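Here is a short tour for a first look. Keep the sequence and the 3D view side by side as you read.

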Amino acid sequence: MAEDHVQIFDTTLRDGEQVPGCKLNTEQKLIIAERLDLLGVDIIEAGFPVSSPGDFKSVDAIARLVKRATVCGLTRAVENDIKVASEALKHAVKPRIHTGIGTSDSHIKFKFNSNREAIIERAVAAVKYAKGFVQDVEFYAEDAGRTDNEYLARVCEAVIKAGATVLNIPDTTGYCLPHEYGAKIKYLKENVKGIEKAVLSCHCHNDLGLATANSIEGAINGARQIECTINGIGERAGNTSLEEVVMIMKQHPNLNLDTGVNTKLLYSTSQMVQEHMGMFVQANKAVVGSNAFAHSSGIHQDGVIKNRETYEIMDPEDVGVTESAIILTARSGRAALAYRAKNIGYELTKLELDSIYPKFLAFADTKKEIVNEDIHLLMKQNQIIQS
C-alpha cells in the first residue's frame, strides 16, 4: 500500500444499519454493497453475522457478490461470534474478521467486571482464534478514545503479536477533541512495538460533531484507514461521513493523503442510501446536501455567476452534482434574477431588469423561493417576451 493511501472502510451496512428505522433486507444490502464496490471503498463491513439469521444471510450474500473490496464481518471477542463470522465470509475473495473488546476503565469495570490484564488475555485469544480462519484480522479497542494511552499501547502490542493486521482505535462516544485524538494515534505510532506490521484505523462517532475532524487528524498523525458511512449515518449522532473525509483529502493535496474513491459517484450513492434507509440528510449537509452547491444570497450569487470559485471550493461535478444552483429569494440580487431569466429564455435589458426587479422583490417577500413558473408569470405581467 502506498504511504499516502488512506483505506476507506465503509460500515454503512453494519454501524449505519444499527440506526432505529434503517433496517435493510438482504436485497437492499446487496444493491448498496455493489455500489460501494463500484464507488471504490477498500473494505465493506457487511454486518454482524452472529446477531441474527438475517444478518448472517446478508453477509454471506455480500461475500459472494463483492469481487474487488475486502468484505468484513464484526464480532465480539467470543469464539462463537468469530466462528459464525468465518462461515459467513467463507466465499469472500478477500475476507476480514473484525473482533475486539472494550479497553477503557469504564468498560472494563462496568461492562466486563474485569481488570486490565484479563482484558488483554481475552483480546489476544480472540485475535489468535480469528487468525485460524482468515489472514486479515482487525482488532477494535472499544472506547479507545477514553482509554489511557500507555495501556492502549500495551493492548495494541499484544494483539499485533497475536496476528492482528489492523488496529481500530474508536472514539466510541465521540468525546475526543481533534488534537487529543491525533495525539493518541501519534503516541501509538511512536510507542507500539511492531506497529509497522499493522494499519492504524480511525473509527470516530459524531456526538459532538467532531467525527470528521478527528478522523482527518488521525490520518495526519499516521492512521491509514478511516471507518465511515455514507451520509454519516450511524449510532446516536452518527459516524464519520465518507463523503466528507474523501473530499477533504481531495481538496487539500498538501496533506499528501489519497483514497481510491470515485468521487463522481458520491452524490448518487448518497441518494441511493437515503432512498433505501429512509433517512434523509439535512439540506445543509456537507458535500451531498441539497443546498451544498446552492446560493440564495445576492452577494454570493453575483460572485458565483462571475466566477464559481469565489464561493465554491469544490466543483459540483466532482461529487456528481450537475451544476451549482442559483436559488431566487427576497435576498437575491439583480444578477441572479437576470441569470435565471436568461436560463429560461429572457435576455433582459438593463432597463427591463431595473423595472422588473422591485416587482420581483415584492413577489419574493411572499414566497420562500421563486421558481421558473413564477419568473414566467412576472415576465408575462410586465409584457416581456422570450428571446
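## The nonpolar cores

Start at Leu 242. Beyond its neighbours within four places in sequence, Leu 242 is in contact with Ile 8, Asp 10, Leu 39, Val 41, Cys 228, Thr 229, Ile 230 and Leu 266. Bear in mind that this model is predicted.

Leu 242 belongs to the largest nonpolar core, which has 87 residues. Leu 242 is among the residues with the most contacts inside that core; the others named are Leu 39, Phe 139, Leu 167 and Ile 169. Helix H6, residues 149-162, gives the most to this core, with 9 residues. In soluble globular proteins, nonpolar side chains tend to be buried together.

## A histidine in strand S4

His 98 is found in strand S4, residues 95-102. Is His 98 buried or exposed? His 98 is buried, because its relative accessible area is 1%, under the 20% cut-off.

The side chain of His 98 makes a polar contact with the side chain of Glu 45, at 2.8 Å.

## A serine in a loop

Now move to Ser 332. Its place is in the loop between strand S10 (325-326) and helix H12 (334-343). Ser 332 counts as buried, at 1% relative accessibility.

Which side chain makes a polar contact with the side chain of Ser 332? That of Gln 301 does, at 3.2 Å. A polar atom of the Ser 332 side chain also lies 3.3 Å from the backbone oxygen of Ser 296. Setting aside neighbours within four places in sequence, Ser 332 is in contact with Ser 296, Gly 298, Gln 301, Ile 327, Tyr 357, Phe 360 and Leu 361.

## Met 279 and the cysteines

Met 279 sits in the loop between helix H10 (266-277) and strand S9 (294-295). Met 279 is partly exposed, with a relative accessible area of 35%. Not counting residues up to four places away in sequence, Met 279 touches Val 19, Cys 22, Ile 233 and Gln 274. Met 279 and Cys 22 are 257 residues apart along the chain, yet their C-alpha atoms are separated by 7.1 Å.

How many disulfides does a search of the whole structure find? It finds 0. Cys 22 is in no disulfide; its nearest cysteine sulfur, that of Cys 228, is 17 Å away. Cys 22 counts as buried, at 1% relative accessibility. Cys 202 is in no disulfide either. The nearest cysteine sulfur to Cys 202 is that of Cys 204, 5.4 Å away. Cys 202 is buried, with a relative accessible area of 0%.

## Aromatic rings

A search of the whole structure finds 2 aromatic pairs. Tyr 129 and Phe 133 form an edge-to-face pair. Their centres are 5.1 Å apart, with 80 degrees between the planes. Tyr 129 is partly exposed, with a relative accessible area of 25%. Phe 133 is partly exposed too, at 38%.

One more ring deserves a look. Arg 116 lies over the face of Tyr 151, at 4.6 Å from the ring centre.

Conventions. Residues numbered from 1 in each chain as written. Predicted model: local features only at pLDDT ≥ 70, side-chain atom pairs only at ≥ 80, totals over all residues. Heavy atoms only, no water. Phe/Tyr/Trp six-rings, centres within 6.5 Å; stacked < 30°, edge-to-face > 60°. Buried < 20%, exposed > 50% of the residue type's maximum accessible area, 1.4 Å probe, protein only. Lys NZ or Arg CZ within 6 Å of the ring centre and 35° of its normal. Helix = DSSP H or I, 4+ residues; strand = E, 2+ residues; numbered from the N terminus. Polar contact = N/O pair within 3.5 Å; in protein donor to acceptor, adjacent residues only side chain to side chain. Contact = heavy atoms within 4.5 Å. Core = buried A, V, L, I, M, F, W, Y, C linked by side-chain atoms within 4.5 Å. Disulfide = S-S within 2.5 Å.
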